[in-house]
Amino acid sequence: MYRYDEFDAALVNERVSQFRGQVARRIEGSLPEDEFKPLRLQNGVYLQMHAYMLRVAIPYGQLGSAQLRRLAEISEKYDRGYGHFTTRQNIQFNWVELKDIPDVLQDLADVEMHAIQTSGNCIRNVTSDHFAGATADELMDPRPWCEIIRQWSTFHPEFAFLPRKFKIAVTAAAHDRAAIRVHDIGLHMKQQDGTTGFEVHVGGGQGRTPVIAAKVNDFVPESEILDYLEAVMRVYNRFGRRDNKYKARIKILVSETGAEEFSRLVDAEYAAQSAHEKIDLPGDEIERITAYFKGPKLPTRPLESTAFNDARVADPDFDEWAAVNLHPHKQAGYTSVTVSLKPIGGLAGDATTDQMMVIADLAEAFGHDDIRVSHAQNIVLPHIAIDDLHAIYQQLQRAGLATANESLITDMIVCPGLDYCNLANARSIPVGQDIQKVFADPAYQRDIGKLHINISGCINACGHHHVGHIGILGVDRKGQEFYQISLGGRADEKAAIGEIAGKALSQEEIPAAIKQIIETYRSHRTSKDERFIDTLERIGHAPFKEAIYAAD
Amino acid sequence: MTSVRPKLKPEAPKAITAWDTQTGQTVWMTPDGSWSVKSGDLGIFVGDVAEAKLSEARGQESKVTDPYFMEVTEDGAICGRETLRENIRSNGPTVAYGKAGQALSSTLGK
């Protein structure tokens with residue numbers, strides 16, 4: 001993984017020192033909230049329902065054991081013994097006191113972490129495939145380019161005050177696990193005539209105006225990508241609306257301009273860049289960054305593991321977990337493990353201090369010190385020897401981390417909702433918990449197969465409800481919580497925005513409605529191999545809508 | 001950004017709530033104009049007095065952040081359209097979290 005050089009370390013430490021002074025002035029009264037707010041947001045500090053919330057950056061979702069341990073220590077020392085992993089592959093602490101935040105940031109800086117680019121109208125934390133560098137289905141490792149883009153964007157003077165926040169995602173796998181088409185810029189790494197480059201998608205996003213990104217360039221060679229991104233950003237910075245925050249995201253500009261015209265504007269801006277403006281990243285610099293991501297040298301192992309196979313026979317729960325929570329690794333004898341943060345009746349994405357410590361220890365002992373946060377709010381150990389799986393499973397089980405539900409119906413993306421968030425209209429967490437209880441039976445979940453339910457507590461869509469196969473949106477009806485179901489969304493390479501099924505339902509009605517949807521799917525699928533989303537796309541939405549509202 | 005807060009009529013009874021600047025805790029103005037972390041201690045204000053108290057609160061930048069009116073009954077109970085939100089602010093999340101949340105989920109899972 002990337003390690004700070006002296007410039008990174010100096011930059012982060014100076015930032016902590018600067019913010020320490022700002023917090024001191026805020027507390028002693030010389031800095032009013034109106035002036036302090038943009039400064040705290042630039043350091044990841046929000047004021048939520050109950051307390052300040054600190055959002056810590058986990059660039060492209062990658063952590064080392066020492067970093068996760070530090071996050072665990074922070075959760076215990078400054079918070080209430082847990083942290084919340086987010087759909088942006090970051091972590092949030094919900095109960096920190098403002099006076100402590102400079103110390104928290106210093107503790108983070110000491111392990112090469114920070115809260116920069118986690119809020120405000122800047123280019124945010126670059127996100128990526130949580131299996132990057134390990135998965136068998138990727139063309140190459142996207143993380144070096146995530147890091148290069150991270151370095152290019154951090155404190156970029158031209159893009160510090162954009163019309164609105166800006167999110168970039170990068171993948172290099174055919175199957176998109178990074179939801180690139182619902183990002184402001186989505187980059188899909190490709191190779192063309194022996195040259196590495198990027199297919200560029202612009203103007204995707206969720207929120208109150210969900211849009212699938214438009215492909216604006218089939219192939220930009222890696223040597224030109226930063227200049228091309230700079231051209232996109234300049235067009236956005238110049239023409240993006242600043243008069244209405246609800247129309248300020250680049251998706252509105254691309255929609256109003258038209259993808260073709262937007263692409264022309266970018267090309268014109270790119271062509272107008274003078275030679276001295278060109279970034280011209282030297283090849284040896286790309287190689288230097290790439291070297292950080294070479295990954296562990298994994299000893300050769302046989303494809304089959306007798307120990308693993310025997311353990312599966314002897315331990316049915318382990319067998320269940322192994323059937324669900326493993327992802328194919330590029331090297332024989334290894335696998336990537338998803339540590340589910342979605343226990344039945346739990347809080348999606350939350351991990352306690354002790355759980356974070358356990359994961360850090362496992363990564364150190366078995367996982368080459370590599371930990372990932374997925375945008376689905378789970379943790380991934382990307383390089384695990386199949387021989388070691390049973391030992392890992394047993395420790396996860398003791399820590400309450402062995403739920404066998406990766407990508408199954410109970411593995412929901414759920415935003416914090418009205419239980420924590422100042423923006424929310426309705427609670428999300430209890431709705432998710434109620435649904436989980438209906439589908440708690442592991443055999444039933446496996447029978448249903450891969451299915452994504454995403455829940456947001458308001459139209460800002462932090463729970464990605466627009467791209468859930470089943471989306472649930474909390475709405476306020478005269479002070480009462482109601483929930484709108486949408487069907488057919490997806491965040492992968494066939495990205496689509498879900499369609500609202502009908503009138504909103506009460507919280508009590510939602511689990512039964514989801515059950516009706518699932519039973520409709522089970523009765524219409526051609527076989528168990530036909531996934532929910534495939535059945536839905538084959539037969540259309542009508543049977544599902546009828547099932548939801550049959551009782552009316 | 002915070003959610004849009006409803007405008008309350010001048011004659012409606014109101015409390016004033018905010019966040020403690022140093023800790024971020026939710027606080028309520030008491031009848032004597034001091035601040036309490038317990039919503040049960042809130043003062044009930046009406047009309048010009050309420051406006052004056054809110055103005056006073058806004059002047060206490062180092063003590064409290066973002067004060068606003070909260071709708072209450074004449075007895076001081078949270079009421080109106082924001083009842084659920086204000087009850088959650090007052091009582092905390094409606095779900096068990098941290099170790100308590102983990103303990104609860106472990107009884108529901110396998």
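Q: What must be found before two strands are said to pair?
A: The criterion is applied to bridges found by DSSP between the two strands. For a pair to be assigned, the number of bridges required is at least two.

Q: In this predicted model, which residue is the bridge partner of A:Y334 in β15(A)?
A: Strand β15 of chain A covers residues 379-385. It pairs with β12(A) in the antiparallel sense over five bridges. Within this pairing, A:Y334 has as its bridge partner A:A385.

Q: Which residue of β12(A) is the bridge partner of A:P328?
A: β11(A) and β12(A) run antiparallel and are joined by three bridges. In β12(A), the residue that partners A:P328 is A:T335.

Q: Which residue in the hairpin of β11(A) and β12(A) takes a positive phi near 90 degrees?
A: Five residues lie between the two strands of this hairpin. The residue with the positive phi near 90 degrees is A:G333.

Q: Which residues of β12(A) point the other way from A:Y334, A:S336 and A:T338, and are they buried or exposed?
A: In a regular strand, side chains alternate between the two faces of the sheet. Strand β12 of chain A, residues 334-339, is mostly covered, with six of its six residues buried. Both sets are therefore buried, under 20% relative accessible area. Opposite to A:Y334, A:S336 and A:T338 point A:T335, A:V337 and A:V339.

Q: Which residues are the closest to the centre of the second largest pocket?
A: The second largest pocket holds about 740 Å³ of space. Its lining comprises 33 residues, and the elements giving two or more of them are α11 (316-324) and β11 (326-328) of chain A. The lining divides into 11 nonpolar, 13 polar and nine charged residues. Closest to the centre are A:H175, A:E406, A:S407, A:K450 and A:H452.

Q: Which strands of chain B stand at the edges of the four-stranded open sheet?
A: The pairing in this sheet is antiparallel, and the strand order is β3-β2-β1-β4. Each edge strand has a single partner strand, so one side of each is left without a neighbour in the sheet. The edge strands are β3 (35-36) and β4 (64-71) of chain B.

Q: Which residue of β3(B) stands opposite B:M29?
A: Strand β2 of chain B, residues 26-29, is joined to β3(B) by two bridges, and the two run antiparallel. Opposite B:M29 stands B:W35.

Q: At what angle does helix α1 of chain B run to β4(B)?
A: Helix α1, residues 47-58, lies across β1 (14-20), β2, β3 and β4 of chain B. Its angle to β4(B) is about 160 degrees.

Terms used
Residues numbered from 1 in each chain as written. Chains lettered and ligands numbered in written order. Predicted model: local features only at pLDDT ≥ 70, side-chain atom pairs only at ≥ 80, totals over all residues. Heavy atoms only, no water. 1 Å grid on protein atoms, 1.4 Å probe; cavity = no way out; pocket = protein on both sides within 12 Å on 5 of 7 lines; lining within 4 Å. Points joined across faces, edges and corners; volume = space filled by probe spheres on them. Nonpolar A, V, L, I, M, F, W, Y, C, P; charged D, E, K, R; others polar. Buried < 20%, exposed > 50% of the residue type's maximum accessible area, 1.4 Å probe, protein only. Contact = heavy atoms within 4.5 Å. Axes fitted to C-alpha atoms, helices over the stretch in contact; angles between N-to-C directions.
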